[in-house]
Amino acid sequence: MAQIPTGSLGDSEFDRDTAVVRREPGVYDAELSAGWTIINAVNGGYLLAVIGRALADALPHPDPFTVSAHYFTPSVPGPAVIRTDVVRSGRTLSSGQASLFQYDAEGNEVERIRVLASYGDLDALTDDVRTTAKPPAIPPVEHCFGATDGPAPPIPGSNAIADRLDLRLDPATVGWALGAPSGKGEMRAWFGLADGRDADPLSLLLTVDALPPTSFELGLKGWTPTVELTCHVRCRPAPGPLRVSIVTRNLAGGFLEEDAEVWDSADRLVAQSRQLARAPRA
């Protein structure tokens, strides 16, 4: 069984770890890597990219435009199967759904995530842009903080995904690491993959869910599991580092929303997302 020829499947760690193998039409096998875990659960953005790669093969259009996922149970490293269905195939957009399953101790399939998505061709979009959105004001990379800078403590539990990313956090959003969270529910950073792979539409599905949770700056630490995540990919990103801004305005009843924007090196808004997550317990 050959790996599917989705996009430019390269030699990067991200490409290898999001690879899927077509078992039969609409059914794909995957091996979820332990390298993308947070506190022993596989990161939700990485999972979205794995499913997104399968959908890119199942649908007639190459690029994710909008992807909405509901996360039912935590995914763990190991084998998984993705089952896809084509819902509609149009001239400019095609829509499909996919579910990712893993296996319980008895070998029964357990559905982890269910996705509904629309795909198109980002290269076919017009260059007409009318926007009031502005890139986030983040200090230069050399004035931001990476994983090895300063006295920042590790996130409780395993955080293997940190080694896969090149994150440089805005100093204004790292108070949580110094024991003095701002209380503003904001997180901003320069973003890249640690092995230097440039961003593409598929990796943007990871980017929107890869920063430390905004709940840290609200004074809460610990796992912040995603309940639902919707990502809109707006255009193909230019080479170079990305800037990511994530904001939470309302934590209530043990849940919070996170609104993310991703900007490329050409000052274009390349992705947006909103997710509902369960807040860590105080």
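## Aromatic pairs

The count of aromatic pairs comes to 3, where rings of Phe, Tyr and Trp (its six-membered ring) pair if their centres lie within 6.5 Å, with planes under 30 degrees apart counted as stacked, over 60 as edge-to-face and the rest as tilted. The structure is a predicted model, in which local features need pLDDT of at least 70, side-chain atom pairs count only at pLDDT 80 or more, and totals for chains, interfaces and linings use all residues. Residues are numbered from 1 along each chain as its sequence is written, and side-chain values use heavy atoms, with hydrogens and water left out.

The planes of Phe14 and Trp36 stand at 75°, with ring centres 6.2 Å apart, so this pair is edge-to-face. Phe14 lies in helix 1 (residues 13-17) and Trp36 in the loop between strand 2 (27-32) and strand 3 (37-38), 22 residues apart; helices (H or I, at least four residues) and strands (E, at least two) are DSSP runs, numbered from the N terminus. Trp36 also forms a stacked pair with Tyr46, at 5.4 Å centre to centre and 0° between the planes. Tyr46 belongs to helix 2 and is 10 residues from Trp36.

Phe14 and Trp36 are both buried, a term for under 20% relative accessible area, with exposed over 50% and partly exposed in between (1.4 Å probe, protein chains only). The relative accessible area of Trp36 is 1%, and that of Tyr46 is 0%, which also counts as buried.
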